[in-house]
Amino acid sequence: MLSKIKGEVELLERHLSVMRVVARNGPIGIMKLTEELSQPQHRIRYSLRVLEQMQYIKATPSGAVATPKAYEMLEHFDEELEVLIRQLAALHQDKTISKS
């Protein structure tokens with residue numbers, strides 16, 4: 001179970017990296033993103049597709065651009081991450097094993 005979660009966190013990390021670069025440098029094309037993030041093109045393409053479906057980015061003839069939803073999420077990211085970190089820390093400390 002934890003290896004699956006680790007894989008999902010790594011995927012989230014890539015999506016977030018793509019969104020940050022798009023927000024900072026948009027409009028930006030896939031070739032420039034691939035170069036900027038040192039990731040294979042198919043992975044960047046997948047992240048772009050997911051982010052577009054989630055309405056965090058928008059495709060334009062000049063390349064991907066961030067939407068207001070992306071800027072809002074990035075603005076509150078640290079606060080939401082702190083909540084998640086506290087939840088994970090609580091899980092880590094609860095080492096109760098119950099046998100029924």
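Q: To begin, is Glu10 buried, partly exposed or exposed?
A: Glu10 is partly exposed, with a relative accessibility of 43%. Buried stands for under 20% relative accessible area, exposed for over 50%, and partly exposed for what lies in between, with a 1.4 Å probe and protein chains only.

Q: Before going on, what kind of model is this?
A: The model is predicted: local features need pLDDT of at least 70, side-chain atom pairs count only at pLDDT 80 or more, and totals for chains, interfaces and linings use all residues. Residues are numbered from 1 along each chain as its sequence is written, and side-chain values use heavy atoms, with hydrogens and water left out.

Q: Back to Glu10, then. Which residue forms a salt bridge with Glu10?
A: Lys6 does, and the closest N and O atoms of the two are 3.9 Å apart. A salt bridge here is a side-chain nitrogen of Lys or Arg within 4 Å of a carboxyl oxygen of Asp or Glu. Lys6 is exposed, at 53% relative accessible area.

Q: Where do Glu10 and Lys6 lie?
A: Both are in helix α1, four residues apart, which is about one turn of the helix. Helices are DSSP runs of H or I with at least four residues, strands are runs of E with at least two, and both are numbered from the N terminus.

Q: Why do such pairs form at all?
A: Side chains of opposite charge can pair when their charged atoms come close.

Q: How many salt bridges does the structure hold?
A: Three. Another of them joins Lys4 to Glu8, with the closest N and O atoms 3.2 Å apart. Lys4 and Glu8 are separated by about one helical turn because they are four residues apart in helix α1, residues 2-25. Lys4 is exposed at 57%, whereas Glu8 is partly exposed at 45%.

Q: What about Lys32, which partner does it have?
A: Lys32 forms a salt bridge with Glu35, and their closest N and O atoms are 3.6 Å apart. These two residues are in helix α2, residues 30-37, three residues apart, or about one turn of the helix. Lys32 is partly exposed at 42% relative accessibility, and Glu35 is exposed with a relative accessible area of 57%.

Q: Changing topic, which residues gather in the patch of negative charge?
A: Glu72, Glu75, Asp78, Glu79, Glu80 and Glu82 form that patch on the surface. A patch takes residues with over 30% relative accessible area and no salt bridge, and like charges are joined within 9 Å. Glu82 belongs to helix α4, residues 68-93, and is partly exposed at 43% relative accessibility.

Q: And Arg86, where does that one lie?
A: Arg86 is in helix α4 as well, and it is exposed, with a relative accessible area of 53%. Between Arg86 and Ala66 there are 20 residues of sequence separation and 29 Å in space, C-alpha to C-alpha.

Q: Finally, what is the overall build, and in which order do the elements run?
A: The chain has four helices and two strands, in the order α-α-α-β-β-α from the N terminus. Its C-alpha atoms fill a box of roughly 60 × 25 × 20 Å along the principal axes.

Q: What is the radius of gyration of the chain?
A: It is 17 Å, while a compact globule of 100 residues would have one near 13 Å. The radius is taken over C-alpha atoms, and the globule rule is 2.2 Å times the number of residues to the power 0.38. Of the 100 residues, 26% count as buried.

Definitions and conventions
Patch = residues over 30% accessible without salt bridge, like charges linked within 9 Å, V, L, I, M, F, W, Y side chains within 5 Å. Areas by Shrake-Rupley, 256 points an atom, 1.4 Å probe, with all protein chains shown as cover. Lys, Arg positive; Asp, Glu negative; His and termini not counted. Charge placed at Lys NZ, Arg CZ, Asp CG, Glu CD.
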